[in-house]
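Dear colleague,

Here is the structure you will be working with. My notes on it follow below.

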Amino acid sequence: MSFVLRHMGNNLWSGQLDIFPEDRLIHGFSARHGGVSPVPFDTLNMALHVGDDPAHVWENRTRYLRTIGSDAARICTIRQVHGTEIVRVLRRDAGRGARDYDDACADADAMITNDSGVALLLCYADCVPVLLYDPVHNAAGLVHAGWKGTVQRIAAKTIARMGEEFGTKPSDVCAGIGPSISADCYVVGPEVADRFYTKFPAYANEILTKRDGAIHLDLWAANRIQLVEAGLAENNIDSANVCTSCDRTFFYSYRAAGGRTGRLAAVMELR
């Protein structure tokens with residue numbers, strides 16, 4: 001299993017995890033090149049909520065979605081609030097939030113669907129995008145897992161919701177953890193660390209490490225652990241292992257930029 005950042009032409013790049021079947025699922029992680037947004041969003045900002053011109057964002061989304069074989073008109077997105085709300089998306093929701101942030105589907109942090117013809121899209125810049133695919137029921141889930149969502153096990157809750165809606169069995173699910181901030185770059189305070197000590201007591205030493213007087217949080221490990229606890233096979237979980245804070249040539253980092261920056265996108269669309 002591996003992550004590849006492919007040059008798609010016209011300075012557009014897209015990341016992929018090879019755990020997902022290309023004949024049944026379109027998926028991708030955008031990079032920051034090939035768009036039209038000015039500084040500080042340069043150049044392929046995919047988010048409508050950061051102060052960029054919506055016309056720039058629409059052009060960026062159009063370019064990227066076309067590149068990966070989709071259509072920006074089919075985008076469905078949500079207003080991410082660092083919670084645990086999960087929304088089921090239907091084909092009729094295609095276009096919700098594609099051009100207008102206020103028209104997004106809901107205030108939530110995960111979407112699930114078993115409909116083709118609708119492109120799930122979430123934005124991030126350090127938080128963890130978690131992609132879930134059930135090949136038996138041809139269903140998908142896309143999760144935004146910042147520290148608040150991760151400590152509340154939003155990825156595991158999304159799998160449970162897929163079970164309720166589609167009959168998904170965790171043992172069938174393939175999962176991917178996209179580019180996001182690594183433990184080396186993610187220093188947190190004692191209040192955040194205490195939440196993880198409380199919620200992941202058996203794995204605290206794997207998720208949290210102390211170095212040079214600082215506490216480092218490993219969101220990749222915390223999400224992988226909760227996926228395994230939810231019933232996924234370890235060899236059905238793939239990870240990009242790419243740090244958005246380290247590689248600012250290709251990725252946006254909220255922390256590294258002091259909050260004023262563009263956003264990447266994670267996209268999933270059933271064929």
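**Ser37 and its surroundings**

The side chains of Ser37 and Asp52 make a polar contact at 2.5 Å (a pair of N or O atoms within 3.5 Å; within protein, one must be able to donate a hydrogen and the other to accept it, and residues adjacent in sequence count only if both atoms are side-chain atoms).

Before the rest, the basis: this is a predicted model, in which local features need pLDDT of at least 70 and side-chain atom pairs count only at pLDDT 80 or more, while totals for chains, interfaces and linings use all residues. Residues are numbered from 1 along each chain as its sequence is written, and side-chain values use heavy atoms, with hydrogens and water left out.

Ser37 sits in the loop between strand E3 (25–30) and helix H1 (54–67); helices (H or I, at least four residues) and strands (E, at least two) are DSSP runs, numbered from the N terminus. Ser37 counts as buried, because its relative accessibility is 4% (buried is under 20% relative accessible area, exposed over 50%, partly exposed in between, with a 1.4 Å probe and protein chains only). Leaving aside neighbours within four places in sequence, Ser37 is in contact with Asp42, Thr43, Asn45, Asp52, His56 and Asn60, contact being heavy atoms within 4.5 Å.

**The sheet and its helices**

An open sheet of 6 strands runs in the order E5-E6-E9-E8-E10-E14, with mixed pairing; two strands pair if DSSP finds at least two bridges between them. E5 (86–88) and E14 (237–239) are the edge strands, each with a single partner, so one side of each has no neighbour in the sheet. From one strand to the next the twist averages 15° (axes are lines fitted to C-alpha atoms, for helices over the stretch in contact, and angles run from 0 to 180 degrees between N-to-C directions).

E6 (residues 110–113) and E9 (residues 139–145) are antiparallel, paired over 4 bridges. Ala110 stands opposite Val143 in E9.

Helix H3 (residues 154–166) lies across E5, E6, E8 (128–134) and E9, at about 155° to E9. Helix H6 (residues 219–229) lies across E8, E9, E10 (174–177) and E14, at about 25° to E8.

**Cysteines**

The whole structure has 0 disulfides (a disulfide is a pair of cysteine sulfur atoms within 2.5 Å). For Cys76, which is in no disulfide, the nearest cysteine sulfur is that of Cys105, 4.0 Å away. Cys76 is buried, at 0% relative accessibility.

The sulfur of Cys127 is too far for a bond, because the closest cysteine sulfur, in Cys123, is 11 Å away. Cys127 also counts as buried, at 19% relative accessibility.

Regards
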